[in-house]
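Please keep the sequence and the structure in view while reading.

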Amino acid sequence: MNRSAQIRERLFSPVGLHAVAFGILAVATIVLGVRLILDWRATSSSNVEAIAARQLELRVLEVQTAPLRGLDKRVALSREQIDEFYAKRVPDKESTLLEQLGQISSKGSVRLSRVQYTQHPGSGDLTEIRMDAGLSGDYAGIMKFINGLERSPTFFVLRAMQFSGQQSGTVNLRLQFSTWMRPADAAASGIPMEGTQPADSDTASSGGQSGEGE
């Protein structure tokens, strides 16, 4: 028997067939193992990229929401400051307004007369109270009155001044200025709305007709 016949006989023998099958299985196992390793690396890389992307999104959200942290406390503080401003600088009734004007006019040798009040609708939170008045006195007294308006605990805003004459050292001015009240307080005050007959008052001038300047 020649060598090729011996090889053929061994190849097709049970042992040879098992060896061939084992070799095929070994090659298939190696191929599948290599494919599994490559797939695992690809999957791991994708997971790392996904985790990195989520971390980046989380960081962006943290930066975007940073200004909102503690917002409830800042809102509460703002409300307290607003309430304090209203309590100190916004009159709650007309008599408070008249009292402030009387105190300011009494600090100088001025007379505040013909004060006319009208309501002017505001933004909804406050109603503007506009006042149109005649002011007479010497120059120093008038300046003290104007400074008193600006420094008054009640919030006054000077809108216009118009010179109306001078006689024997007395200067006459027409003064227009405003303050603000809560809508409910303004409605209860009886001050007419703008465009209707304005309310007149000389109460504020009663204490300042002959006062001496400081």
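The model is predicted. The protein comprises 6 helices and 5 strands, and 27% of its 214 residues are buried.

**Overall architecture**

- Along the sequence, the secondary structure elements follow the pattern α-α-α-α-β-β-α-β-β-α-β.
- Among contacts with a separation of 6 or more, 69% are between residues 24 or more positions apart.

**Largest pocket**

- The largest pocket has a volume of about 220 Å³.
- Two elements, α4 (94-105) and α5 (139-151), each give two or more residues to the lining of this pocket.
- The element that gives the most to the lining is α5, with 4 residues.
- The lining consists of 11 residues, and those nearest the pocket centre are Ile 104, Lys 107, Lys 144, Asn 147 and Gly 148.
- By residue class, the lining divides into 5 polar, 4 charged and 2 nonpolar residues.

- Strands β3 (residues 157-167) and β4 (residues 170-181) run antiparallel and are joined by 9 bridges.
- Within this pairing, Gln 162 has Arg 174 in β4 as its bridge partner.
- The hairpin has 2 residues between its strands, and Ser 168 takes a positive phi near 55°.

**Aromatic pairs**

- A pair of aromatic rings is described by the distance of the centres and the angle of the planes.
- The structure holds 2 aromatic pairs.
- One of them is formed by Phe 155 and Trp 180, with a centre-to-centre distance of 5.8 Å and 40° between the planes, and is classed as tilted.
- This pair links distant parts of the chain, since Phe 155 lies in the loop between α5 and β3 and Trp 180 lies in strand β4, 25 residues apart.
- Phe 155 counts as partly exposed because its relative accessibility is 29%.
- Trp 180 has a relative accessibility of 21% and therefore also counts as partly exposed.
- Phe 156 and Phe 177 form an edge-to-face pair, with 5.9 Å centre to centre and 75° between the planes.
- This pair, too, links distant parts of the chain: Phe 156 is in the loop between α5 and β3, Phe 177 is in strand β4, and the two are 21 residues apart.
- Phe 156 counts as buried because its relative accessibility is 8%, under the cut-off of 20%.
- Phe 177, at 0% relative accessibility, likewise counts as buried.

**Pro 121 and its loop**

- Pro 121 is located in the loop between β1 (110-120) and β2 (127-137).
- Is Pro 121 buried or exposed? Pro 121 is exposed because its relative accessible area is 52%, and the cut-off for that class is over 50%.
- Although Pro 121 and Pro 183 are 62 residues apart along the chain, their C-alpha atoms are separated by 8.6 Å.

Note on methods. Residues numbered from 1 in each chain as written. Predicted model: local features only at pLDDT ≥ 70, side-chain atom pairs only at ≥ 80, totals over all residues. Heavy atoms only, no water. 1 Å grid on protein atoms, 1.4 Å probe; cavity = no way out; pocket = protein on both sides within 12 Å on 5 of 7 lines; lining within 4 Å. Points joined across faces, edges and corners; volume = space filled by probe spheres on them. Nonpolar A, V, L, I, M, F, W, Y, C, P; charged D, E, K, R; others polar. Pairing = 2+ DSSP bridges. Phe/Tyr/Trp six-rings, centres within 6.5 Å; stacked < 30°, edge-to-face > 60°. Buried < 20%, exposed > 50% of the residue type's maximum accessible area, 1.4 Å probe, protein only. Contact = heavy atoms within 4.5 Å.
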